[in-house]
Amino acid sequence: MSVHHERPRSVDRRVRVQGRPVDSFPALPPEAERGAVRRITEVGEEILSRPCQEVTAFGSPALSSLIDDMFLTMHVADGAGLAANQVDVGLRLFVYDCPDEYGIRHTGHIANPVLDLPAPGDRRLVDDFEGCLSVPGAGKSVPRTDRAVVRGFDKEGAPLVIEGTGYFARCLQHETDHLLGHTYLDRLSKRDRKDALRQMTDRREEVFARRAAKAAGLGR
């Protein structure tokens, strides 16, 4: 998912790591410091259109390494979230580094997430801009609920409950969609989808150049 920032309010602004507030946190997450950049899959590739498999190898070095790589790949691409199938791994896992409606930064990972949205009577849909790292250079307005919860596990297998509001709620919904084999394009009208793909054709090389320059600046 692409980065989008909303105006902060006067609330506890501490960064939330895996859902918990911390007193300080670096601009580049520790996972990204350890990671390697992977190629981001693009819309049209088969792995993005099929449901991902459950994570079972909790506590494994391979899972930790994948999360590290996903964090750096997301950072280099200026993303707010990244699902495993976006780096060509068909597992139910995503990482995020995204602000909520108060401007609070949320960062972490979650495996095997189950999305919980407000009941229909309590739901408030918000139309807002949405982009995707697998649809480089494109963006369209998509209706999403302004609150969302995902329940799953961390890389060691410990239970996690992550709550999001505003743009972070949008991110949680967007990334969970990926793990079900959907992109935000699937939520658009035929006309808007065609326009988004045209935007991608026009801008993708520019996006790739920016990603390569950022990776080079990090020595990656």
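What is the relative accessible area of E205, and is this residue buried or exposed?

## Basis of the report

This is a predicted model, in which local features need pLDDT of at least 70 and side-chain atom pairs count only at pLDDT 80 or more, while totals for chains, interfaces and linings use all residues. Residues are numbered from 1 along each chain as its sequence is written, and side-chain values use heavy atoms, with hydrogens and water left out.

## E205 and its partner

E205 has a relative accessible area of 51% and is therefore exposed, a term that applies over 50%, whereas buried means under 20% and partly exposed covers the range in between, as computed with a 1.4 Å probe on protein chains only. E205 forms a salt bridge with R204, and their closest N and O atoms lie 2.9 Å apart; the term stands for a side-chain nitrogen of Lys or Arg within 4 Å of a carboxyl oxygen of Asp or Glu. R204, for its part, counts as partly exposed, at 24% relative accessibility.

## Two further pairs

D97 and R105 are both buried, and they form a salt bridge in which the closest N and O atoms are 2.7 Å apart.

In the salt bridge between D186 and R193, the closest N and O atoms are 3.6 Å apart. D186 is partly exposed, with 44% relative accessibility, and R193 is also partly exposed, its relative accessible area being 30%.

## Network and total

Salt bridges also link E130, R144, R170, D177 and R187 in a network. By the rule stated above, the count for the model comes to 24 salt bridges.
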